[in-house]
Amino acid sequence: MAPDLLDQVDIVIPTIRSLDFLEQWRPFFEPYHLIVVQDGDPDRQVSIPDGFDCDIYNRRDIERILGEKASCISYKDSACRCFGFLMSRKRYVYTIDDDCFVAKSPDGKLIDALHHHLRNLCTPSTPFFFNTLYDPFAEGADFVRGYPFSLRIGAPTAISHGLWLNIPDYDAPTQMVKPLEKNTRYVDAVLTVPHGCLYPMCGMNMAFDREIIGPAMWFGLMGEGQPLGRYDDMFAGWCSKVVCDHLGLGVKTGLPYVWHSKASNPFVNLKKEYKGIFWQEELIPFFQGVKLSPESTTTEECYLELAQLVRENLIGIDPYFGKVADAMETWIDAWRQMANGEKIV
Ligand SMILES: O=c1ccn([C@@H]2O[C@H](COP(=O)(O)OP(=O)(O)O[C@H]3O[C@@H](CO)[C@H](O)[C@H]3O)[C@@H](O)[C@H]2O)c(=O)[nH]1
């Protein structure tokens, strides 16, 4: 990694378990600053393996720091990770789950996922015209014949969405019908998600440029006290892609892989996801149809406009979306205050 990026990256980990998985990541993560969001019981002791530079926040810390605005941070769902995004002061954030380990490429080499994400983020995306030979900015690649020269400058990359070997990121019904399925297919490719096209963003192994897209990386109202869980990353993925499309930013998906070790319980997952499975059939067309106004020129402005559109258009699905819209606004208030170094009130 270029040494000048060392001070520009935070690694954010939501956890209800332990941080033992960090041992395997030691050679790759030790030089970086870690932000751990400890979910669930704040009295549970979570030990940090020696040698890591780490801040750890539990629910009490979240409430102390955000006061009333803590209502926008979910409890008992991996959505709590976005508190770490709020606490970060760095340009880039890499977020990873505590059941993800170092994957190997087909030639047996350990994959430095963070390094690859940074390479994805530091090179442009190609959302406006598809390059059939994948990422033209990857090593050994280029634009194919016929690619318009006027578009070869690309667009700034806001999000690098990495994938997983072993346990696939399936919804509960798919998990139930394919309980033994493993992803063993290593595809050596990075693609730009085309402009105007949404995708199911997974929060397990994902990095983003906090300066350009951070305010749109809110992971929804999920978990305890909410009618929905496990749609946190989906919600953030829809919203952030709408904002990226409006602002001319790019999203890459593909490499790097991590090794996802643990299948969460499909029956528990079904209970959490149940409403989302129905709602997504209406939510996705809504987000696909959103047209933000030319007056929204920053991520924060786009996000506030989107909050208003959520309020106007989604309450008919369920009154819950009124609360979601309010929380989107609370999140932006908190984001602005943290960015300005003001005390949250
Ligand atoms: O209440 C909770 C539950 C979990 N966490 C932490 O969040 C991540 C992911 O949790 P988990 O490993 O249980 O879930 P998976 O099914 O493997 O992962 C996918 O589900 C997502 C959608 O919610 C998630 O982003 C996907 O990657 C772990 O680090 C847990 O410890 C939590 O903080 N609170």
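**Close-up views of a predicted model**

**View 1. Phe219 pairs with Phe85 in this predicted model.** Phe219 is buried, at 0% relative accessibility. Phe85 is likewise buried, at 0%. A search of the whole structure gives 21 aromatic pairs. In the pair formed by Phe85 and Phe219, the geometry is edge-to-face, with 5.6 Å centre to centre and 70° between the planes. Distant parts of the chain are linked here: Phe85 belongs to helix H3, and Phe219 to the loop between helix H6 (210-213) and helix H7 (232-247), 134 residues apart.

**View 2. Tyr231 and Trp238 form a tilted pair.** Their ring centres are 6.5 Å apart and their planes meet at 45°. Tyr231 is buried, with a relative accessible area of 7%. Trp238 is buried too, at 4%.

**View 3. Helix H2 (residues 59-66) has buried residues along one face.** Arg59, Asp61, Ile62 and Leu66 are buried. Down the helix axis they fall within an arc of 160°, so they line one face of H2. Their cover includes strand S2 (33-38), strand S3 (53-57), helix H3 (82-87) and helix H10 (320-339). Gly67 follows H2, with a positive phi near 55°.

**View 4. Asn58 sits at the start of H2.** Asn58 lies in the loop between S3 and H2. A side-chain oxygen of Asn58 comes within 2.9 Å of the backbone nitrogen of Arg60. Asn58 is buried, at 12% relative accessible area. Beyond neighbours within four places in sequence, Asn58 contacts Gln38 and Pro42.

**View 5. Arg152 sits over the ring of Phe149.** The charged end of Arg152 is 3.7 Å from the ring centre.

Note on methods: Residues numbered from 1 in each chain as written. Predicted model: local features only at pLDDT ≥ 70, side-chain atom pairs only at ≥ 80, totals over all residues. Heavy atoms only, no water. Buried < 20%, exposed > 50% of the residue type's maximum accessible area, 1.4 Å probe, protein only. Helix = DSSP H or I, 4+ residues; strand = E, 2+ residues; numbered from the N terminus. Arc of directions from axis to C-beta. Contact = heavy atoms within 4.5 Å. Polar contact = N/O pair within 3.5 Å; in protein donor to acceptor, adjacent residues only side chain to side chain. Phe/Tyr/Trp six-rings, centres within 6.5 Å; stacked < 30°, edge-to-face > 60°. Lys NZ or Arg CZ within 6 Å of the ring centre and 35° of its normal.
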